[in-house]
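Please keep the sequence and the structure open while going through them.

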Amino acid sequence: MKKNTNLRSIAAQTIEKVVEQGQSLSNVLPAAQKSVAEKDAALLQELCYGVLRTLPQLEWIIGQLMERPMTGKQRTIHFLVMVGLYQLIFTRIPAHAALAETVEGASSLKRQQFKGLINGVLRQFQRKQDELVQQMNVGDQKYLHSKWLLERLKRAWPNNWEAIVEANNQRPPMWLRVNRQHHSRDAWLKLLQEAGKEAEPHPLHADALRLETPCPVSQLPGFDQGWVTVQDASAQGCVALLDPQNGESILDLCAAPGGKTTHILEAAPQATVLAVDIDEQRLARINENLLRLNMTAEVKVGDGCLPETWCGDKQFDRILLDAPCSATGVIRRHPDIKWLRRDRDIPELAALQQQILDAIWPHLKPGGTLLYATCSILPEENHLQVAAFLERHEDAMLSDTGDANHPGLQVFPAPQDGDGFFYAKLLKR
């Protein structure tokens, strides 16, 4: 028998680990899902993602209903109340079931003394629901972003920030990448349609399809045979700009979990590819992806700031640097980013990106291509970073992406399009 089978209390504990302990939802949610029945894993994910997506509004409502917030060891109860509120406002779960299960969560947490408080707060909300929901959509809490991030977006993109914020707060579409070594995109789309599902091709990215309704990968034709991969459309744009060729030596730096590594090999199956990442645990994902797609690449643990320690003086024909970044372009997929990132992280990340760029540039052959990419929408990590790099390196030249006044190509997240992303294609003279 499992010690705690109450889904709402498990969600509250998971959210607490993110908000209070600074852990990534991607790291803590899989373990939490193993503690519930398989049929309940999707609901647990919905509750955790949903609460983190709407955190400022839920905090505001609790502030209207309680004289003071729960602190210390009782913070789990605070997040349990949030889980209850999220169900009542944003899901179709019957109110009586949401309320009963949330109250019972206190028993699972061995906090039976709080059952009356939870019940009272949630019932008080029900009585005032229309008024409170209307008020929670007024003021800064309606944007569902931290204040520092809102300020940065307003400064960087005065004409676009509201659309960016709105896209960040949506559920992301499910994008697929068809493996051209097995099928053309149109041929695999027919197989998908025969399986009773529909998808839309991306107008710019040749392998990309957007599912009309997300589904488990087990329902995708040939997934286990490597016919298709789940990958955002914007991330797929990297390989078209990199333009890998058979017979070339290609480095995928900061490569985990391996989506771009395998895309390179789909485009150039006779290329020699080295995939490097500093995170040994995440490297396992690269090997899993290579195995499913029946592909071969050399996979190494390595620090991008110290390439000589893992490749000596070797030079490559092409380098894809998917640099560590704030991930502000993929917030809709990882809503915890809004609460885990801090304003001070941005200059630190920009300094790290500069260090990696300068360190890896000597390992690009003359005439070679380096594609610098991030899933950020902040200028310090993107076009300002590339402009400074071009000033430092006279043998670097921008190609196909932007111009000298605004180097690189910035893509914003959009509800039916890809994530926020940045690309800069650099050639070595």
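1. With which residue does Lys115 form a salt bridge, and how far apart are the closest N and O atoms? In this predicted model, the partner of Lys115 is Glu104, and the closest N and O atoms of the pair are 3.5 Å apart. The structure as a whole holds 18 salt bridges.

2. On the domains, the assignment for the protein chain gives domain 1 as residues 7-144 and domain 2 as residues 232-428. The contact takes 12 residues from domain 1 and eight residues from domain 2, and the centres of the two domains, taken over C-alpha atoms, are separated by 37 Å.

3. The size of an interface is often given as the accessible area lost when the parts come together. For domain 1 and domain 2 the buried area is about 790 Å², and carbon and sulfur atoms give 61% of that area. As for salt bridges between domain 1 and domain 2, the count is zero.

4. The second largest pocket has a volume of about 210 Å³, and its lining includes His202, Leu204, His205, Asp417, Gly418 and Tyr423. Helix H11 (233-242) and strand S13 (409-411) each supply at least two residues of this lining, and H11 gives the largest share, with four residues. Sorted by class, the lining of the second largest pocket has six nonpolar, five polar and one charged residues.

5. Two places in the backbone deserve a look, given that most residues other than glycine have a negative phi and most peptide bonds are trans. The peptide bond that runs from Ala256 to Pro257 is cis, with omega near 5°, and Pro257 is placed in the loop between strand S5 (249-253) and helix H12 (259-267). Leu144, a residue other than glycine, has a positive phi, near 60°, and Leu144 is found in the loop between H7 and helix H8 (147-156).

Technical notes
Residues are numbered from 1 along each chain as its sequence is written. This is a predicted model: local features need pLDDT of at least 70, side-chain atom pairs count only at pLDDT 80 or more; totals for chains, interfaces and linings use all residues. Side-chain values use heavy atoms; hydrogens and water are left out. On a 1 Å grid over the protein atoms alone, a cavity is a set of points where a 1.4 Å probe fits but cannot get out, and a pocket is an open set with protein on both sides within 12 Å along at least five of seven lines; lining residues have an atom within 4 Å of a point. Grid points are joined across faces, edges and corners, and a volume is the space filled by probe spheres set on the points. Ala, Val, Leu, Ile, Met, Phe, Trp, Tyr, Cys and Pro count as nonpolar, Asp, Glu, Lys and Arg as charged, and the others, Gly among them, as polar. Domain bounds come from an automatic or database domain assignment. Contact means heavy atoms within 4.5 Å. Buried area is the accessible area (1.4 Å probe) that two parts lose on being put together, summed over both. A salt bridge is a side-chain nitrogen of Lys or Arg within 4 Å of a carboxyl oxygen of Asp or Glu.
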